[in-house]
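Please look at the sequence and the model before reading on.

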Amino acid sequence: MNRRAMMSPRRRLVLKAAGASAIALALGALPIALKAASATGGKVKIGVVGSGRVGGTVGGVWAKAGHEVMFSSLDPEADKRLAASIGPNARAGTPREAAAFGDVVLISVPYAALPSVGRDLGELIKGKIVIDTSNPIVARDGDMAVAAREKGAGVSSQEFLPGARIVRAFNAIGYARMGEASKNAGQVGMPMAGDDPKALEIASALVREVGYEPVVVGSLASMGKYLIPGTPLGGEHSPAEIRQIITTLK
Ligand SMILES: NC(=O)c1ccc[n+]([C@@H]2O[C@H](COP(=O)([O-])OP(=O)(O)OC[C@H]3O[C@@H](n4cnc5c(N)ncnc54)[C@H](OP(=O)(O)O)[C@@H]3O)[C@@H](O)[C@H]2O)c1
């Protein structure tokens, strides 16, 4: 039996309240709707830009958990079918509509699309929490991925999406188990990087809802470069293993 299952109901409540307080403390500069929803443990509006394997899976988990999710991609008909298959909390829109809809925006596109996504959605995502799953993969994204890997994906994403409060997450773990991660009940850690504590708090709560235990590994500059496949943080690790791995990277 895991430690959480062995806890008394009262201790679970105390921990839940402590988690809610930590989030409430971090909410200073957020939009009122997001502030209210998060402080009460309530639901947020999430726009998904790139409703493919990762965006479709993770967005689907959030919609089933009660958040309102708008899916978007380059294929509106596929997004409508996806939303209909998920249920009443899911809807479809264009990328601009999804970026405007979400208090939190999940951007999950091939890295080569990130510059145009940034140009098209820049004004809409400025100041918003953007969870960026996108990885520079040279075989798929070409020369721009070489440059992004040299610079570090965290810094590159921030350049492509200026003014967004970026959290890199869901980068180093395969999508195939993301829809079932809640069965792990937090045994698998989610390494995350970001520069904005408030954004990290909200993103952490959402990561936990998917079933991973969030582990903030550092800033976009210091750790963003490790949140891609093929680095020591790639693949599934327990939270303790992630904390150990990052001591070898600093
Ligand atoms: N697959 C994994 O296990 C995994 C794990 C972690 C991170 N990642 C990274 O996460 C990102 C998404 O991966 P994925 O496997 O989900 O890819 P995917 O299945 O190919 O999905 C990509 C999505 O992005 C959409 N898209 C492409 N260009 C767009 C644009 N300009 N504006 C809006 N949407 C656009 C695509 O729409 P259309 O289908 O209409 O073209 C598709 O819905 C990638 O950068 C990947 O490296 C993947």
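A residue counts as buried if 20 or more other C-beta atoms lie within 10 Å of its own, as exposed if 12 or fewer do, and as partly exposed in between. P115 has 14 other C-beta atoms within 10 Å, so P115 is partly exposed. The model described here is predicted.

**The proline in helix 7**

- P115 is part of helix 7.
- In sequence, P115 and F160 are 45 residues apart. In space, their C-alpha atoms are 5.2 Å apart.

**The shell around the ligand**

- The ligand is surrounded by 26 residues. The closest are G50, G52, S73, L74 and Y175.
- Sorted by class, the shell around the ligand has 12 nonpolar, 12 polar and 2 charged residues.
- At least two residues of this shell come from helix 4 (53-64), and at least two from helix 7 (114-125).
- Helix 4 gives the most to the shell, with 3 residues.

**The nonpolar core**

- In soluble globular proteins, nonpolar side chains tend to be buried together.
- In this model, the largest nonpolar core has 67 residues. The residues with the most contacts inside this core are V49, F71, V130, V167, M192 and A203.
- Helix 11 (residues 197-210) gives the most to this core, with 7 residues.
- Apart from neighbours within four places in sequence, V167 is in contact with I129, I131, D132, M192, G194, A199, L200 and A203.

Key. Residues are numbered from 1 along each chain as its sequence is written. This is a predicted model: local features need pLDDT of at least 70, side-chain atom pairs count only at pLDDT 80 or more; totals for chains, interfaces and linings use all residues. A residue is near a molecule or strand if its C-beta atom, placed from the backbone, lies within 6 Å of it. Helices (H or I, at least four residues) and strands (E, at least two) are DSSP runs, numbered from the N terminus. Ala, Val, Leu, Ile, Met, Phe, Trp, Tyr, Cys and Pro count as nonpolar, Asp, Glu, Lys and Arg as charged, and the others, Gly among them, as polar. A nonpolar core is a set of buried Ala, Val, Leu, Ile, Met, Phe, Trp, Tyr and Cys residues joined through C-beta atoms within 7 Å. Two residues are in contact if their C-beta atoms, placed from the backbone, lie within 7 Å.
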